[in-house]
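This report describes the surroundings of a ligand and a set of aromatic contacts. Please keep the structure in view while reading.

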Amino acid sequence: MTIEAEIQDIKEMLDDIPDDFAKYSTIIEMGDELEPYPEEFKLDELKVPGCQSDLWLVAERKDDVLHYRATSDAVIVKGLVALMLQILNDRTPEEIRDFDTDLLKELGIKGLLTPGRQNGVGSLVQRIQLLAA
Amino acid sequence: MNKKCDFQILSDLNDDCVYLDSAATSLTPRCVTDKIGEYYNCYNANIHRGIHDWAERATGEYEGVRPIVKEFIGADQDKEIVFTSGTTHGINIVANCFCSDWTSKDTVILSEAEHHANIVPWQQLKARQGLRIEVIPLLPDGHLDFNRLSMAIQQVKGRCIVSMSILPNATGIMLDYQQVSQMSRDHGATVLFDGAQSVPRVKSDVSYCDFLVFSGHKIYGPTGVGILYAGDGLLDEMPPYMGGGDMIKSVRFERTTYNDMPWRYEAGTTNIAGVIGLGVALNWVENIGIENIYQHEKEISDYAQKQLNGLDRVSVLYPEAEKLGLVVFTVNEAQSVDVATLLNTQGVAVRSGYLCAEPILVSQVGRGVLRASFGIYTTQDDIDRLIDALNKVMAIL
Ligand SMILES: Cc1ncc(COP(=O)(O)O)c(C=O)c1O
């Protein structure tokens with residue numbers, strides 16, 4: 001599936017949920033499904049800056065694609081991480097670099113994915129793209 | 001007391017918002033926003049300069065606020081009232097002007113519970129000229145350790161300023177400021193009180209201090225304006241903080257003579273509309289009566305603390321101590337950002353994080369906290385909505 005189609009899928013899933021509280025609960029549940037993040041990778045140099053809570057991200061190359069692992073102590077951020085990785089994980093560096101980040105705004109949770117927002121998802125996407133450079 | 005009707009922002013349009021972040025910024029009643037609008041719409045001119053009608057009206061309205069502030073805080077003279085941009089600015093003026101020639105022989109004494117605004121300016125002074133900084137810890141019940149204060153004051157060799165918040169924004173526990181004042185003055189120390197949180201809810205009395213600072217935007221006034229009260233003579237001889245227009249008597253390239261108090265500290269064009277708006281805010285508070293505001297907020301704070309203490313997973317900071325205006329808490333096994341984000345989806349606005357008071361919260365809590373804070377418009381119903389929303393949030397966290 002393309003990045004665009006994946007975003008569209010998640011958008012439709014979220015649009016079906018009636019209010020923000022319920023959307024967040026779904027996002028938190030997505031975080032529970034996240035691939036476990038090794039404790040030994042919770043290093044300062046792997047922290048994504050610009051977030052009120054800690055957020056760690058590592059990337060590794062697997063054949064042609066990039067595989068990311070990430071986590072946060074804050075469950076909403078962790079859920080958002082899961083959501084982002086569902087969209088961006090195991091893709092080629094070109095795909096990750098070239099996709100239009102504005103599309104994420106269409107996910108449509110009020111202010112959620114705007115850069116500068118304290119949950120740091122904007123910074124996460126930036127870092128994901130940087131690691132694909 | 002229901003004052004919600006005085007606030008446009010709390011009208012039907014925003015009916016489902018419970019604003020519990022007044023310690024960061026209080027809401028602004030319509031009489032204040034109207035007055036600010038009136039300045040811009042009716043006599044928008046600079047002060048102290050022009051001799052045309054608008055300039056005279058603006059100057060009159062602006063200078064008319066000084067006696068209002070003077071009365072409000074119990075000062076003696078208009079010239080003791082300096083208009084600043086806020087609490088932070090006021091503390092910086094004292095640190096940089098009153099303490100301009102202080103060195104490693106001189107001491108500033110702070111409490112552990114200070115806002116960054118009352119920590120960083122002193123650290124900067126220390127970095128430049130080696131001032132000593134003594135920090136007095138709180139007792140386990142959240143009150144200041146007066147034994148430690150007494151010891152610290154007695155050890156002072158040179159000059160000393162005791163600079164403390166009367167109502168710390170990270171604890172909500174009133175400082176026994178009268179005792180701080182007496183202890184300090186018995187040893188010849190100067191006293192600066194940060195009244196950012198106290199002036200809006202407790203009667204202020206500057207006879208207990210040499211300097212008092214507070215912000216307009218926490219007392220139902222505009223942002224970007226505040227007050228520095230400086231006791232008579234304390235700042236008269238000091239080199240001013242900022243140079244520019246309006247703070248001088250005469251300027252030649254050879255020599256400039258500074259203006260008198262308080263204008264020597266009001267360089268450039270100040271926040272004219274803000275000052276005028278602050279005057280209206282203080283009159284509005286005075287009309288309600290600071291005693292009534294105190295009573296109301298005491299009741300709300302007691303109620304909020306009781307309700308929060310009743311929730312199993314909630315830990316209130318200093319749960320037994322009396323609070324005024326705010327209650328700080330955490331939810332066990334949940335990050336404060338998560339809680340605050342989810343409360344926001346329920347229309348409940350609280351503050352999360354370290355509240356610009358990292359030292360005390362890092363040592364007492366070790367992680368970001370939540371703060372519910374109150375104003376004259378806060379009702380018991382608002383607290384009930386907070387508790388309901390918290391229960392709902394805790395069910396999924
Ligand atoms: C106790 C205390 N001191 C100082 C400040 C700083 O005030 P301002 O940002 O208006 O300068 C605050 C505001 O949060 C405060 O609560």
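Is W102(B) buried or exposed? W102(B) is buried, at 3% relative accessibility; buried means under 20% relative accessible area, exposed over 50% and partly exposed in between, with a 1.4 Å probe and protein chains only.

## Basis of the model

This is a predicted model, in which local features need pLDDT of at least 70, side-chain atom pairs count only at pLDDT 80 or more, and totals for chains, interfaces and linings use all residues. Residues are numbered from 1 along each chain as its sequence is written, chains are lettered from A and ligands numbered from 1 in the order in which they are written, and side-chain values use heavy atoms, without hydrogens and water.

## Aromatic pairs

Rings of Phe, Tyr and Trp (its six-membered ring) pair if their centres lie within 6.5 Å; planes under 30 degrees apart are stacked, over 60 edge-to-face, and the rest tilted. Over all chains, the whole structure holds 13 aromatic pairs. In one of them, F98(B) and W102(B) have ring centres 6.0 Å apart and planes at 55 degrees, so this pair is tilted. F98(B) is buried too, with a relative accessible area of 12%.

Y177(B) and F193(B) form an edge-to-face pair, with 5.9 Å between centres and 85 degrees between planes. Both are buried: Y177(B) has a relative accessible area of 15%, and F193(B) one of 2%.

## Ligand contacts

The distance to a side-chain N or O atom is 2.5 Å for T88(B), 3.1 Å for H115(B) and 2.7 Å for H217(B).

Terms used
Polar contact = N/O pair within 3.5 Å; in protein donor to acceptor, adjacent residues only side chain to side chain.
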